[in-house]
Amino acid sequence: MSKILENKKVCKDYFILRTDLKTKVYPGQFFMLRAWDNYPTLSRPVSVYDVTDGVDFLIEKRGLGTEILEKLVPGDDIKLYGPYGNMFYPNVDELAMVGGGVGVAPFHYLIKEIRKLKPDADLTLYIGEQEELELENAFFDVSVNLIVKKGGYITDIVDFENHELIYTCGPEIMMKKVVELAKVHDSKTYVSLEKRMGCGVGACLSCTCETTKGRKRSCKEGPIFKGEELIGY
């Protein structure tokens, strides 16, 4: 059992939960969050946004589970199962990150980890969001070339021609377009799938995806896959 240290509003329907959990986390990993007993039945999979005094999460209020999380206050208990999944590789010299909605969450911690290894790395973060949102507020404390598009398709303004490596997370339709357009310019892509997960440990098989190497579990073999390996992308 962990404790909430802070619940901070970012913008409409988005908030950051800071917890006191001390553990080793790699960028791109996620936890299963639970702050209730019996209902909802399933815990909620949430990517790690940052590691400060503990593990922090950027969360979008979507349904009953995340509504409960949004109401937590400092001192409240929360169960954190994890970390689960593989990681975004941080030892890079140049990288474009394309995030849509809550899919931007893992890029904050990733940027921080890259800066530790490569302080002069050329990093660009593209954020696609609805007009009323301000997710860029969640990145005020990191050094990155930030490009925001409100409404429409973020892929319309990504400079695919000049990015050799692209990490992406967000709505499936957006990520498919990122992989498709990156292939045209021979750019390498890594995709973090936002699948609905029941257990987070590979047992329930609710988050499987089709790859060139057979069916894979997003929570166990993923959530990050090479774009070229995902069938349908």
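**View A. Residues of the largest nonpolar core.** Among the 31 residues of the largest nonpolar core, those touching the most other members are Leu58, Leu95, Met97, Phe107, Phe139 and Tyr167. A nonpolar core is a set of buried Ala, Val, Leu, Ile, Met, Phe, Trp, Tyr and Cys residues joined through side-chain atoms within 4.5 Å; buried means under 20% relative accessible area (1.4 Å probe, protein chains only). Helix 2 gives the largest share of this core, five residues. Helices (H or I, at least four residues) and strands (E, at least two) are DSSP runs, numbered from the N terminus. The model is predicted: local features need pLDDT of at least 70, side-chain atom pairs count only at pLDDT 80 or more, and totals for chains, interfaces and linings use all residues. Residues are numbered from 1 along each chain as its sequence is written, and side-chain values use heavy atoms, with hydrogens and water left out.

**View B. Surroundings of leucine 95.** Beyond its neighbours within four places in sequence, leucine 95 has contacts (heavy atoms within 4.5 Å) with Leu110, Ile114, Asp122, Leu123, Thr124, Leu165, Ile166 and Tyr167.

View C. Six strands with mixed pairing follow the order 9-8-7-10-11-14; two strands pair if DSSP finds at least two bridges between them. Strand 9 (145–150) and strand 14 (224–226) are at the edges, each with a single partner strand. Seven bridges join strand 7 and strand 8 in the parallel sense, and glycine 99 is opposite isoleucine 127 in strand 8.

**View D. Cysteine 11.** The sulfur of cysteine 11 is 16 Å from the closest cysteine sulfur, in cysteine 169, too far for a bond. Cysteine 11 is buried, at 6% relative accessibility. The disulfide count (cysteine sulfur atoms within 2.5 Å) is zero.

Technical notes. Buried < 20%, exposed > 50% of the residue type's maximum accessible area, 1.4 Å probe, protein only.
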